[in-house]
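User: Can you walk me through some helix packing and the chain contact here?

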Amino acid sequence: MSILLAFAAAALFGIGTYLLMQRKLSRIIIGLGLISHGGNVLLMTSGRGGIAPLIGSGDPGDFADPLPQAMALTTIVITFGVTALLLALAYRSWQLTRDDEVENDAADMSIVSGGLLGRDVTDEVTAETEVEDAKALIDSTAGEVDG
Amino acid sequence: MTNLVALPVLVPLIAAGLSVMLGRWRTAQRIIGVGALTISVGVSIALLVGADSDGPLVVQVGGRPAPIGITLVVDRLAGIMLTVAAIMLLAVLVYAIGQPGAERNHVGFTSLYLIMAAGVSASFIVGDLFTLFVAFEMMLTASYALLTLGGGRAQVRAGMTYVVISLIASTLFITALALLYAATGTVNMADLAVKIGELPPGVRMAFAVLLLVVFGVKAGLFPLFFWLPDSYPTAPSPVTAVFAGLLTKVGVYALIRTQTLLFPPDSRPATLMLVLAGLTMVIGILGAIAQDDVKRILSFNIVSHIGYMVMGLALFSVAGIAAAIFYVVHHIVAKTTLFLTGGLIEHVGGSSRLSRLGNMVKSAPVVAALFLIPALTLAGVPPLSGFIPKLALVEAGFDERRYVIVGVSLLVSLLTLLSLMKIWIGAFWGPATEEPEHEPHEVGRAGGPLLMIAPTVALIAISLAIAFAAGPLYALAERTATDLLDPAVYERAVLG
């Protein structure tokens, strides 16, 4: 049983990580959901029977460990709340940009281009190729979609 | 004394609830917010004094004994962090009330801010890893909302990065917790410290590295820092100030706590941490020098300075950890002040981009002075408060024969000065090359709105006081470090 759960957790982590590498927000959110499920499954497997701090009749060896279940419940509630917030943010982002894609950071891009565009080049031909190189660089980093 | 232990969490939480109910009466909301945080400051100081004189103060919530119930512990380290955090939170709230922007435009600001305050305090006082996770989430969830207040395009983009990376770190934390629980059968930190000794050294080391990654993301350690300079600058400046000052330090606190308490000397990744600390310093400061925006330069500076704290911790000697603790305290104060001044620069100068600012030493001399003092403090110019922990770090590094990291830290210190002088020359001395984005605000006799200037001045005074009281404060840091390197103190207090 444990080995099945371990495989399930591994699969969830693997698929989640793949989705996180995408540039579409909706996929990233689904990936996050899967990874946190993986964490919860792992949490469920961590309990050992027989050490339950329960008061009652019967052999403690028959009881499952309630602590990981309580912890998994708590994390499920927390992830639920944060995922809802994330979805709201993604919706807001879509409202603003009409696009589901993660944008490049504007200040980073200006530094990338500034380093290349702002250089003192006396030779006009070199200057032009450098400007084109810089533009191509910006386009290529901005255009890395879907993978 | 132990009755007070839960108050730094309870008071802000109750106040947050009240301020939601009083959303219509802005004045009442403000009184509640400032009042709650003032109480928090008082309680935290009392707790620090109590923990310093009587040893760790422990509360078993619900009367359940330690490994089963939730334990709250205030030892010297927690006391120091609580006190500094409470003072910072109070100062920044007053600043936020004075600044036209976030606090005035959003009914929920005070409540969110108080929930975050409760989360920060909770992170410092909890005695088990799972409750630490819950405290982190409380703090982070409030911070997600604070970061994206207003919902502008840049904020949503940056907030997204921040939320996603924090969620990944949280999931990793849960994973680490699950594995730790499977291996030892407990999540109580004192109990773990005892039981982790039964594991093979390799497994212990793996846990140490896993927790290093989890808290490294929160602290902004290389190579996990990239989200920080992107997300912090877009928030309203009081929010950025408190994030920059406090939230990364909560990560550093968790690193110090877990690495010293849980892991015996043979399973601490000391060399790895030193390498990461050196890289964090260098990459952070190079990033800062490349930027053109006041807030972004300061954000990269945070990353660089996290390296110093981790360096002190990674030496794992009393001198090193004492220096790291002193550094955390100094850095919280200095960094928050710098961001508050950054907000003033934006308010008075009409932009936070250096190319659009200029000649402010004439147009806003008060702001110039308010920037220069914390900037020199941060760079570690003697006799200001940044000099003391840096000197202590260098000495501790020499004691442990870690010469490379000492060299790197000194070089980065110089570069820090360079990055801050870039702001000074760009905003205060040189002319502006572009037009500001919006009309600069009128500068009054005080040099800006009184409620913005006053907290900034108060924080500078605290920073100067740290330098003047360096002797007793450093002695306190050394006592704290001695406690941390002897986990038996903590274990006895919690497990009885």
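Analyst: This is a predicted model. Start with α14 (residues 318-349) and α19 (residues 450-468) of chain B: these helices pack at an angle of about 150°, with their axes 9 Å apart.

User: How are α14(B) and α19(B) oriented to each other, roughly parallel or roughly antiparallel?

Analyst: Roughly antiparallel, because angles over 145 degrees count as that.

User: And which hand is the crossing of α14(B) and α19(B)?

Analyst: Left-handed.

User: Which residues of α14(B) and α19(B) make the contact?

Analyst: From α14(B), the contact includes Val329(B), His330(B), Val333(B), Leu340(B), Leu344(B) and His347(B). From α19(B), Met452(B), Pro455(B), Leu459(B), Ile462(B) and Ile466(B) are among them.

User: Which residues of α3(B) and α5(B) touch?

Analyst: Ala78(B), Met81(B), Leu82(B), Ala85(B), Leu89(B) and Leu93(B) sit on the α3(B) side. α5(B) supplies Tyr113(B), Ala117(B), Val120(B), Ser121(B), Phe124(B) and Ile125(B). The contact counts 11 nonpolar residues, one polar and no charged.

User: Now the chains. How many residues does each of A and B put into the contact?

Analyst: Chain B puts in 27 residues and chain A 32.

User: Which element of chain B gives the most?

Analyst: α7(B), with 14 residues. Both α6 (129-147) and α7 (153-184) of chain B give two or more.

User: What classes are on the chain B side?

Analyst: 14 nonpolar, seven polar and six charged residues.

How values were computed. Residues numbered from 1 in each chain as written. Chains lettered and ligands numbered in written order. Predicted model: local features only at pLDDT ≥ 70, side-chain atom pairs only at ≥ 80, totals over all residues. Contact = placed C-beta atoms within 7 Å. Helix = DSSP H or I, 4+ residues; strand = E, 2+ residues; numbered from the N terminus. Nonpolar A, V, L, I, M, F, W, Y, C, P; charged D, E, K, R; others polar. Axes fitted to C-alpha atoms, helices over the stretch in contact; angles between N-to-C directions. Parallel < 35°, antiparallel > 145°, perpendicular 65-115°, else oblique. Left-handed = near helix turned anticlockwise from the far one by under 90°.
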